[in-house]
Amino acid sequence: MSLIEGEEELIRTSVSEVLHDQEMARENLIPILLQVQEKLNYLPPLAMELIAAALAIPAVDIFGLTTFYNQFRLHPPGKYQLQVCMGTACYMVGGKIALDCFERRLGIGEGETTPDREFSLERVACVGCCTMAPVVVVNEQVEGRVTPTRVDGILIGYGKEIKASTGIAEKKGEEGS
Ligand code: FES
């Protein structure tokens, strides 16, 4: 994921602020990472490299640690954060199908963010709206009964352009070939 304008400076400033308040010891690595993540809303690779250099530990150790623990967020949050419920009630009535549809439409996997940072996608546990299953939460907005046909509608509602190269247009092309 490439950095957006001004982001490198923000990362460098945030890391140095956190490091300034912490003792440079490996035992403080996780608190340092969490504080930097809190400032940036995610942990970009550059931040991990800067922290590794400051603590004189291999960057690969930090990358390994952050992928192991799921409290670390390795992709920036999208402007629209899609949380697809994978609780039992949603899963049983098509939650996974909805997740697959979002992945295909956005061209990203769960836990990732589109390159334009418009959408991020993640799976979550029950959000407490089981009667509306399957459910996706977009920022604070709960969308219920998310069938594959509703996936496009939801994305269009948040400004996503859906190309006509799939669905009906694609089927017509197939018939003609
Ligand atoms: S299982 Fe999805 S809202 Fe409860």
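Which strand gives the most to the lining of the second largest pocket? The legends below take up this point and others in a predicted model.

**View 1. Lining of the second largest pocket.** S3 gives the most to this lining, with 4 residues. S3 covers residues 119-124. Strand S2 (112-113) also takes part: S2 and S3 each supply at least two lining residues. The space in the pocket comes to about 170 Å³. Its lining consists of Arg-73, Leu-74, His-75, Glu-110, Gly-111, Glu-112, Thr-113, Ser-120, Leu-121, Glu-122 and Arg-123. By class, these residues are 2 nonpolar, 4 polar and 5 charged.

**View 2. Strand S1 and its partners S3 and S4.** S1 spans residues 80-85 and runs parallel to S3, residues 119-124. The two strands are joined by 6 bridges. Tyr-80 has Phe-119 in S3 as its bridge partner. S1 also pairs with strand S4 (residues 136-138), this time antiparallel, through 3 bridges. Here Gln-83 stands opposite Val-137 in S4. In a regular strand, side chains alternate between the two faces of the sheet.

**View 3. The ring pair of Tyr-80 and Phe-119.** The model holds 3 aromatic pairs. In the pair of Tyr-80 and Phe-119, the ring centres are 5.6 Å apart and the planes meet at 35°, so the pair is tilted. Tyr-80 belongs to strand S1 and Phe-119 to strand S3, so the contact ties together parts 39 residues apart in sequence. Both residues are bridge partners as well. Phe-119 is buried, at a relative accessible area of 3%. Tyr-80 is buried too, at 17%; the cut-off for buried is under 20%.

**View 4. The ring pair of Tyr-80 and Tyr-158.** The centres of these two rings lie 5.0 Å apart, with the planes at 50°, so this pair is also tilted. The pair links distant parts of the chain, 78 residues apart. Tyr-80 sits in strand S1, and Tyr-158 in the loop between helix H7 (148-157) and helix H8 (168-176). Tyr-158 is buried, with a relative accessible area of 19%. Ring pairs link Tyr-80, Phe-119 and Tyr-158 into a cluster.

**View 5. The two domains of the chain.** Over C-alpha atoms, their centres are separated by 31 Å.

How values were computed:
Residues numbered from 1 in each chain as written. Predicted model: local features only at pLDDT ≥ 70, side-chain atom pairs only at ≥ 80, totals over all residues. Heavy atoms only, no water. Pairing = 2+ DSSP bridges. Domains from an automatic or database assignment. 1 Å grid on protein atoms, 1.4 Å probe; cavity = no way out; pocket = protein on both sides within 12 Å on 5 of 7 lines; lining within 4 Å. Points joined across faces, edges and corners; volume = space filled by probe spheres on them. Nonpolar A, V, L, I, M, F, W, Y, C, P; charged D, E, K, R; others polar. Phe/Tyr/Trp six-rings, centres within 6.5 Å; stacked < 30°, edge-to-face > 60°. Buried < 20%, exposed > 50% of the residue type's maximum accessible area, 1.4 Å probe, protein only.
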